[in-house]
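Keep the structure open as you read.

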Amino acid sequence: MKVVVVESPAKAKTINRYLGNGYKGLASYGHVCDLPSKDGSVLPDAGFEMKWQISSGSEKHLKDITSALIGAEKLILATDPDREGEAISWHVLEQFKNTTLLEGVDVERVVFNEVTKTAILAAMDNPRQLDAELIDAYRARRALDYLVGFSISPVLWRKLPGSRSAGRVQSVALRLICEREAEIEAFISEEYWTLEATLGLLAGVHFKARLTHLDGNKLGKLDIKNEVAANSAVAVIASASLAVQSVETKRVRRNPQPPFTTSTLQQEASRKLGFSASRTMQIAQKLYEGVNIGNETTGLITYMRTDGVQLGGEAITSIRQDIEKQFGKRYLPGKPRVYKTKAANAQEAHEAIRPTEITRHPNDMRAFLDHDQSRLYELIWKRTIASQMQSAELDQTGIDIGDTPGSVTLRASGQIMAFDGFLLVYRESKDATEDNGKNTKSNGDSDDSTASLPNMVEGDQLNTHDVTPEQHFTQPPPRFTDASLVKRMEELGIGRPSTYASIIQVLQNRDYVMKDKGRFIPEDRGRLVSTFLSNFFERYVEYDFTAQLETQLDEVSAGKLDWKALLTHFWNDFKAAIDSTKDLTITNVLDVIDEE
């Protein structure tokens, strides 16, 4: 018998079906070991020795694996293909290393990016050893998180009564949310006006143009400050003899976005579907592990924790064939599109998230999925197909209109879709932005069509039918959503694909932030904690410092940095920062917070 260990019972069930007799798939149910939540679990003075403990509830799962190993010929560790998966396999193996169970038993590590029969059989034919460098990176990360949490949290409890705890990455994410709230509170709104004129050719065709220059000067956003100035500009436009000064038309190409990574999937699922980051990952996990689609149980998408945007050669071939079959040759580029990952750590830069079989169209899968699973699968399928489709082509026209003295200039813009290309299938959504003084948000597809313009040539005389002034007030930056927070963390290099959702969830669980209409608002408790950390542990909530630490952890994964050297360098400075707070009184702390 060959014993195959994976994380989840769903995946174990699928694997048992694929491998058949001679194999027994069992689930570890996630991590089987963790660091106990008490002092002394990591010992800096003993070479960062880590005292692991079997996780609550894992005894039963380890007992099942133990029973299966009796008389087995091989132990196959087939957990997820990333740092966490490598760590689970390592912990499982460590439990049996000092027993007689593994005498005469071959131990192999296999990885697959999708839970399909082809991928699993291929993985079984290409086993490897455990990746020591990935395991070291896991140990370094867990030790860092433990040392920060169990060093800062007691200081918080003593110096800031009522606070809960602090985490290495969560505290930096909390700072982002709190700083945004401070920006909003400090924001002073300013009034400004814009002017739009309805103009017409002598033939009677009307169109709209906006004022861009007044008295020969280009107008800034806030240059028309009040109603008096706006009405003055209205009078100038109304009395001017307007004509077309220039017409510029150009053909622009818009290229599709690459297929999904973990962060871009979380962002788009938040914008388009209203899912939290953790909800997106829960649904994606089920689609990855296996779904019964009538005649078989199979994974519908590839592994959902990845920084990679690249696709495998076979996948690209099948995607291109499906594009040609569904939409015709016109929608298929002459050669495949190649996307390159920006991931810092190539070892963990797996293939992008895609359907395991592109021919499983969303409409066909709907009968086998619940509502949310169906919507997320459709999103992944559309993004994948679009990523290999022809570019969209748009004819953009800009017309400058003015009078001979140069007292006013107006601009009319138009856009006509010449060829929809990939936009036939998929349009990326945008985050909320400050636009003309109004917070705007796209929950669905971005709109690529603007008003078409009548044919005009330089010198055409125009009639002014109406001039409309509109009052605006500048708006503060919007609060973060799941999408914009994940995007910002990724931009700053804070966290990694497997951590974004849990970071956000922890902040909510600790009552440091709340969610209102999909946006994060810091609670008073969260703002106090963030202010405390920013004043007394400033370096450790700096964005650059946290990002640099993530880069060093990636270097450990790549075998370029010793994990204990990383921890030693960090701990020496961090312990000094902790020690410096010993003489702080609660009064000292409250004085600083009150001042802030």
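Start with E7, which sits in the loop between β1 (2-6) and α1 (9-19). The model is predicted. Is E7 buried or exposed? Its relative accessible area is 10%. The cut-off for buried is under 20%, so E7 counts as buried.

Now turn to a helix pair. Helix α6 covers residues 170-186, and helix α14 covers residues 500-509. Their axes come within 9 Å. They cross at roughly 70°. Angles of 65 to 115 degrees count as roughly perpendicular, so α6 is roughly perpendicular to α14. On the α6 side, the contact involves Q170, A173, L174 and I177. These meet I503, V506 and L507 in α14. By class, the residues of this contact are 6 nonpolar, 1 polar and no charged.

Next, the cores. The largest nonpolar core has 117 residues. Within this core, L376 and F537 touch the most other members. Helix α5 (residues 132-159) gives the most to the core, with 10 residues. Look at L376 in detail. Another core lies apart from the largest one. This other core has 26 residues, among them A209, I224, A230 and I401.

Key:
Residues are numbered from 1 along each chain as its sequence is written. This is a predicted model: local features need pLDDT of at least 70, side-chain atom pairs count only at pLDDT 80 or more; totals for chains, interfaces and linings use all residues. Side-chain values use heavy atoms; hydrogens and water are left out. A nonpolar core is a set of buried Ala, Val, Leu, Ile, Met, Phe, Trp, Tyr and Cys residues joined through side-chain atoms within 4.5 Å. Buried means under 20% relative accessible area, exposed over 50%, partly exposed in between (1.4 Å probe, protein chains only). Helices (H or I, at least four residues) and strands (E, at least two) are DSSP runs, numbered from the N terminus. Axes are lines fitted to C-alpha atoms, for helices over the stretch in contact, and angles run from 0 to 180 degrees between N-to-C directions. Angles under 35 degrees count as roughly parallel, over 145 as roughly antiparallel, 65 to 115 as roughly perpendicular and the rest as oblique. Contact means heavy atoms within 4.5 Å. Ala, Val, Leu, Ile, Met, Phe, Trp, Tyr, Cys and Pro count as nonpolar, Asp, Glu, Lys and Arg as charged, and the others, Gly among them, as polar.
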